[in-house]
Amino acid sequence: MLPILIGIAIGIAGAIAGAIAEEIWDKIVIFFKGKRVAVFGARGVGKTHLIKFLTTGTIPAEYKQTIAPEKAPSRRFSLKELGIKVKETQDLSGDKAAYAEWKKLHDEADVVFYLLRADRLIAGDVNVETRVRDDLRHISEWLEKRNPRPLFFIIGTHCDLDTEFRTLTADKIGDYNDKFCRLPIVRELVTRAGGAQQTKVVLGSMKTPQDTETLVYQVFMQVAS
Ligand SMILES: Nc1nc2c(ncn2[C@@H]2O[C@H](COP(=O)(O)OP(=O)(O)OP(=O)(O)O)[C@@H](O)[C@H]2O)c(=O)[nH]1
Ligand SMILES: [Mg+2]
């Protein structure tokens, strides 16, 4: 059931096909209720956008593609109900002072979201590679010292700027994610963060509200399983 839901949920632009069953939503609520979430990442990766959605957005309880939008069921889960305590750090381009602030938030967090520009890594942008490698070098040191570890997510944004993502069909989305995870830099980041068991990689876009829903839905599915 869950793999199917995840498969359907991943990155179908503008559509969340399927439904968040009550019991899955309950698991999400239990997991996130009152949790402290730290959001890190370079400038412009989408931190503020994601935080705004997590604290004020809604997720459709059900979605049926066959129903015209105006007739679609209007029941939605409010993310405000989760009461997530989210903190964003001011990024100072790898400045030492910024890392000190990141560490403080990391040490207080139950969940850490590290955002990066997936489109730039796919395009082979060496500057972005260098930056994310530096960031993970720091984060991994802090993660190692925590017991228990916070749940760690690498969230790749801006996939809408990647041509392949824009033309994806539902049956190819798993391949797209696999391909991203096979990029040497992504492998390196995941290894640094403690390996695939410890690190959730979620890919998508926050260009539109629907895209953002789909991205957040994927994050939620990781904790509901
Ligand atoms: N096309 C596209 N735009 C995005 C995406 N995610 C965020 N944006 C846009 O990118 C811009 C920067 O997003 P922010 O949420 O302000 O990024 P930030 O990480 O908070 O940036 P700083 O606070 O400056 O470090 C905004 O205009 C967002 O709407 C995405 O996945 N795709
Ligand atoms: Mg911001």
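A: Happy to! Keep in mind that this is a predicted model. The chain contains ten helices and nine strands, and 34% of its 225 residues count as buried. Let's pick strand E8, which covers residues 151-157.

First, find the sheet that E8 belongs to. Five strands make up this open sheet, and reading across them gives the order E6-E2-E7-E8-E9, with parallel pairing. The edges are strand E6 (85-88) and strand E9 (199-203), each of which pairs on one side only. Neighbouring strands in the sheet are turned against each other by 20° on average, ignoring direction. As a reminder from your course, strands of a sheet pair through backbone hydrogen bonds, and the pairing can be parallel or antiparallel.

Now look at the two neighbours of E8. On one side is strand E7 (residues 111-117), which pairs with E8 in the parallel sense over seven bridges.

Phe 152 has Thr 199 in E9 as its bridge partner. Next comes Phe 153, whose partner in E9 is Lys 200, while Phe 113 stands opposite Phe 153 as well. So what does Phe 153 touch, leaving aside residues up to four places away in sequence? Its contacts are Val 112, Phe 113, Tyr 114, Lys 200, Val 202 and Val 219.

Is E8 mostly covered or mostly open? It is mostly covered, with six of its seven residues buried. Phe 153 also belongs to the largest nonpolar core, a group of 46 residues. Phe 153 is among those with the most contacts inside this core, together with Val 112, Phe 113, Tyr 114, Leu 115 and Leu 116. Helix H10 (residues 209-224) supplies the largest share of the core, seven residues.

To sum up the picture, E8 sits between E7 and E9 in the sheet order, and Phe 153 in this strand has Lys 200 as its bridge partner in E9.

Note on methods: Residues numbered from 1 in each chain as written. Chains lettered and ligands numbered in written order. Predicted model: local features only at pLDDT ≥ 70, side-chain atom pairs only at ≥ 80, totals over all residues. Helix = DSSP H or I, 4+ residues; strand = E, 2+ residues; numbered from the N terminus. Buried ≥ 20, exposed ≤ 12 C-beta atoms within 10 Å, placed from the backbone. Pairing = 2+ DSSP bridges. Axes fitted to C-alpha atoms, helices over the stretch in contact; angles between N-to-C directions. Core = buried A, V, L, I, M, F, W, Y, C linked by C-beta atoms within 7 Å. Contact = placed C-beta atoms within 7 Å.
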